[in-house]
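The following exercises are to be worked with the sequence and the model at hand. Each task is followed by a solution in steps.

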Amino acid sequence: MSDVRATELPDVSALHRFRTAGDFLDCYSVASDIGPRAAGDIITDFPGLAQFLLVIRRIITAPFGLDNDGPNVSDKIGIFPVESETETELIAGFDDKHLNFRVSVLQHDGRVSLATWVAPHNIGGRIYLGVIMPFHIAIARNALARVAKA
């Protein structure tokens, strides 16, 4: 079993620039020397259950006009538009009606960290975040376990 653990977002992460009081931020990490783009490809290659949950999300959120595919850009990791990329960190995500979010895949000190920042705009964003949280945690931990095995 891999050593996926909840951790603080390393100080070197550019994701810190988004954070303000009241925002959601979590971070999990695992021992690995894989670079951020390769790790991101593994992370966003969702297993069957996660793909099924995304289909359910699409059906439930469609009437609310939420974006399920992200902006149409050429550089994406999974469905997430890449916002910035260095040798050590890839940040992807976008702003939507109900919330803004970014994910960071960071290679630092022999570990790959997967961090998620969310800033809800309204009660809908806060409800959405609360509903998906158990799934988010399971998917993030599973993703890093797959990174550790690669």
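**Exercise 1. Locate isoleucine 123 in this predicted model, state whether isoleucine 123 is buried or exposed, and name the nonpolar patch on the surface that includes Ile123.**

Step 1. Isoleucine 123 is found in helix α3, which spans residues 123-149.

Step 2. The relative accessibility of isoleucine 123 is 57%. Exposed requires over 50%, so isoleucine 123 counts as exposed.

Step 3. Ile123 forms a nonpolar surface patch with Ile127 and Val131. Together these residues have about 300 Å² of accessible area.

Step 4. An α-helix has 3.6 residues a turn, so residues three or four places apart point the same way.

**Exercise 2. Identify the buried residues of helix α1, and determine how they are placed around the helix axis and what covers them.**

Step 1. Helix α1 comprises residues 36-43. Its buried residues are Pro36, Ala39, Gly40 and Ile43.

Step 2. In a view down the axis of α1, these buried residues fall within an arc of 100°. They therefore line one face of the helix.

Step 3. The cover over the buried residues of α1 includes the strands β3 (76-77), β5 (89-95), β6 (99-108) and β7 (111-120). Helix α3 (123-149) is also among the covering elements.

**Exercise 3. Which salt bridges does arginine 37 make with aspartate 75 and glutamate 85, and what parts of the chain do they link?**

Step 1. The side chains of arginine 37 and aspartate 75 meet in a salt bridge with an N to O distance of 3.0 Å. Arginine 37 belongs to helix α1, while aspartate 75 lies in the loop between α2 (48-61) and β3; the two are 38 residues apart.

Step 2. Arginine 37 also meets glutamate 85 in a salt bridge, at 2.5 Å from N to O. This pair links helix α1 with strand β4 across 48 residues.

Step 3. Arginine 37 is partly exposed at 24% relative accessibility, aspartate 75 is partly exposed at 31%, and glutamate 85 is partly exposed at 39%.

**Exercise 4. Describe the salt bridge between glutamate 83 and arginine 17, and name the network that includes Arg17 and Glu83.**

Step 1. The side chains of glutamate 83 and arginine 17 meet at 3.3 Å, N to O. Glutamate 83 lies in strand β4 (residues 80-85) and arginine 17 in the loop between β1 (5-6) and β2 (24-31), so the pair ties together parts that are 66 residues apart in sequence.

Step 2. Glutamate 83 is partly exposed, at 36% relative accessible area, whereas arginine 17 is exposed, at 52%.

Step 3. Through salt bridges with shared partners, Arg17, Glu83, Asp95 and Arg102 are joined into one network. A search of the whole structure gives six salt bridges.

**Exercise 5. How many helices and strands does the chain have, and what part of the chain is buried?**

Step 1. The chain contains three helices and seven strands. From the N terminus, their order is β-β-α-α-β-β-β-β-β-α.

Step 2. Of the 150 residues in the chain, 44% are buried.

Step 3. Among contacts with a separation of 6 or more, 60% are between residues 24 or more positions apart.

Step 4. The chain exposes about 8,100 Å², of which carbon and sulfur atoms supply 59%.

Technical notes: Residues numbered from 1 in each chain as written. Predicted model: local features only at pLDDT ≥ 70, side-chain atom pairs only at ≥ 80, totals over all residues. Heavy atoms only, no water. Buried < 20%, exposed > 50% of the residue type's maximum accessible area, 1.4 Å probe, protein only. Helix = DSSP H or I, 4+ residues; strand = E, 2+ residues; numbered from the N terminus. Arc of directions from axis to C-beta. Contact = heavy atoms within 4.5 Å. Areas by Shrake-Rupley, 256 points an atom, 1.4 Å probe, with all protein chains shown as cover. Salt bridge = Lys/Arg side-chain N within 4 Å of Asp/Glu carboxyl O. Patch = residues over 30% accessible without salt bridge, like charges linked within 9 Å, V, L, I, M, F, W, Y side chains within 5 Å.
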